[in-house]
Amino acid sequence: MASRRRSGSGSKRQFKEKVVQIYETILKGEEIGPNNPLFWEEFFLLKPKLAVLEAEILKLSPEQLQLAKPNLNDLFAQCIAILADNASIRAAYGLQTLCGFLHTIFKKLGETQADNNVQAIEFLAGFDSYVANIQKLLDFCHLFLEGEYTDSIRGLCLKLIIILIIGTDNLSQNTLIEYIIMSSIFECLVKLLSDVPTRQKHGYDVVLIITLLVNYRKYDATNPYVVKLSILDDELALNGYGQVITASLTDFCNQYNVEHVENQNSSWFSSLTNMVGSMFISEEGAFRSQQIRANNALLLAFYEAVHLNRNFITTLAQTQTDASSPPSPNNTLHNNIQGLGDLPSMPVAFDVNLQPSNLLVTFFQYCSIVMQDTKTEPGANTVKLCFLILGCISEDQYANSLMHDVSLAFKVRLHRLPMRHRKLASDKTTSSQSLVCTLLDLLVEFMLSHMMKKFPMELYVLCIGIIQRILGYQKKCRIRVNYVWKELWTALIALLRFIVQNESYLGKKMNIFELCIKVVNILNFFITYGDNFLPTPGSYDELYYEIIRMHQVFDNVSSMALRYSMSEGDFKEDALKLNNALFNVRAIIKHFNPKIDQWLASSNLSTPTEDQILDIVKKNYDSLTLKLQDLLDHYERYTEKPHYTSFFTGMVKSILSDTRSNFGCCLQNFTNIASEYPTH
């Protein structure tokens, strides 16, 4: 007998913790705590085991679930009732149990009724009382979030609100959100963002809640959260909102930088196989893609703030001093992925990271990483969201003034996609320069690195649109930016050459003329208005030199446009527009090429130098005739509806799914609740 009790014996029957035994009793439909009037008070003194509770509920058959329904109704009611004991650990454990319980019931019932988590609440509370129970829960949440309560209580309240929001795949069909929106929780959320300690602990959840509620039925009716976010002018709260986004994106960038250095320090072959080009199809790449998707909620939060709130623009270039980051998907997500160890979390020893930073600096570096994957649909969607954010920023007068302010100079590390025609380790750390120069570097890099068979046409259109807005601001304000414009011109011409070379393939899939017109009109912008913003007269000479040097590309573009304009195909009208747009470029080529040929003949030379051509250009400006082209700085201001409604609906659905799938792990983080309550 003694041997059976020996510690470590394989035959020893394992004892279950009391709380686990109670879970089993509840789920078997057996009588709970007979003859014990203090059963529930004692139950809520036991530390919850949410993973066990979830596993046991998910194992139930529909018949077993119905058998357990009376007990589940009782558990739900008792979890709410115990919250009135708000100063004791019972309330915290009750709230924790409620979070795990609700999350699991939504998941369980969602297997058969995915579109309506109201049915889950009805299942737990009954049809007649579910509204009263939801209202009670929200009243307690308001009390705990607004008052002086423990961090765990606050954190669990936020988790509970998130559970109610993410219970369905379709956010706008979740009528529970109506009750949340009509409550006074927005003011509590703003207060949490304004206070540094609470922001550091709960900032991610607060921003996630605001973002999801802003997207509830925003195309169908007036959404109070859209209005509240639009008019929010609390500088501390807006700055806190931005710092939450910055902290999580910075965390991602730092982890990426560490891995990047490790790859560069390994062998050439190892680097070649492990760098970004292949990482998105590897196991590590799957993890990286999940990290990027986890940050999409914060990107959407960034977009909503930039799009809706002009006061938020003032925080974009503010130096970040709040170094602590809230728990974010980047810090916790890798714990869920089997087969992958923890990524390094030490600070990265780059000089650029020792420089002052802000949200825009961090966002530019983040964009340079995520835009390397446009081949997958989720990857392309993330880049699209980044470009929409940049588009909103580039349309804003004040944001432009910040980006063009030479006193706001930053070094930024822009990551570059490994390509065959350039060195593998070709990342670019910019010199200390104004933010607009870094943005232009980012856009030029995108143009040069995405000329591929799976051509991201929409992203190129958005990219060119951002450039047009930047140039329009410079022309309007007569700002001369000290930028190497030749890099932009070279990228634009290379893009035209790629389109012409792949016209037979691309022309069958998309309207390549739409993009060609936009590219040519950027060059026309420089030709027509360059004297308003180019840094020196010599910049004009360099522009003309590039056009003359690459004249064969423009000849081919013109021939392509002429061919389509003479046919009766779908793109005839756009081909005619492209031909008209090429007028000045062709005029420059036709004017200067004979002059160059004539000079070469008279000088007995076959190949001129760049300086010789520039000299010819300078001497022959006066006889050049160009056509004044209007509306080159005109663009349709960004509107989300109707162009992007389906995109944002899909993005929100993806964020809901990702949040829901990783939520169980988030609830496991509440392990030290007891330490916040004194023992007597």
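# A tour of the predicted model

The protein exposes about 30300 Å², and carbon and sulfur atoms supply 52% of that area. Areas here are Shrake-Rupley values with a 1.4 Å probe; for residues, only the protein chains shown count as cover. This is a predicted model, in which local features need pLDDT of at least 70 and side-chain atom pairs count only at pLDDT 80 or more, while totals for chains, interfaces and linings use all residues. Residues are numbered from 1 along each chain as its sequence is written, and side-chain values use heavy atoms, with hydrogens and water left out.

**Whole chain.** Start with a cartoon view. The secondary structure comes to 34 helices and four strands. These are DSSP runs numbered from the N terminus: helices are H or I with at least four residues, strands E with at least two. Now colour by burial. Of the 680 residues, 55% count as buried. Buried means under 20% relative accessible area, exposed means over 50%, and partly exposed lies in between (1.4 Å probe, protein chains only). Among contacts between residues at least 6 apart in sequence, 78% join residues at least 24 apart; a contact means heavy atoms within 4.5 Å.

**Helices α9 and α12.** Select Asp151 and Lys201. They form a salt bridge, with the closest N and O atoms 3.7 Å apart. The term covers a side-chain nitrogen of Lys or Arg within 4 Å of a carboxyl oxygen of Asp or Glu. Asp151 is in α9 (residues 151–165) and Lys201 in α12 (residues 196–214), 50 residues apart. Asp151 is partly exposed at 26% relative accessibility, and Lys201 is partly exposed at 40%.

Next, pick Lys159 and Asp205. Their side chains meet in a salt bridge at 2.9 Å, N to O. This pair also links α9, which holds Lys159, to α12, which holds Asp205; they are 46 residues apart. Are Lys159 and Asp205 buried or exposed? Lys159 is buried at 8% relative accessibility, and Asp205 is buried at 10%.

**Helices α26 and α29.** Go to Glu503 and Arg563, whose side chains meet in a salt bridge at 3.1 Å, N to O. Glu503 is in α26 (residues 503–506) and Arg563 in α29, 60 residues apart. Glu503 is buried at 13% relative accessibility; Arg563 is partly exposed at 47%. The structure holds 26 salt bridges.

**Aromatic rings.** Show Phe, Tyr and Trp. The structure holds 34 aromatic pairs. Rings of these residues (the six-membered ring of Trp) pair if their centres lie within 6.5 Å; planes under 30 degrees apart count as stacked, over 60 as edge-to-face and the rest as tilted. Zoom to Phe513 and Phe571. The ring centres are 6.1 Å apart and the planes are at 50°, so the pair is tilted. Phe513 is in α27 (residues 512–529), and Phe571 is in the loop between α29 (551–565) and α30 (572–581), 58 residues apart. Both are buried.

Then select Tyr483, Trp485, Trp489, Phe525, Phe526, Tyr529 and Phe533, which form one aromatic cluster.

**Lysines over rings.** Lys69 lies over the face of Phe123, at 5.3 Å from the ring centre. Lys218 lies over the face of Phe648, also at 5.3 Å from the ring centre. The test is NZ of Lys or CZ of Arg within 6 Å of the ring centre and within 35 degrees of the ring normal.

Cys392 is buried at 9%.
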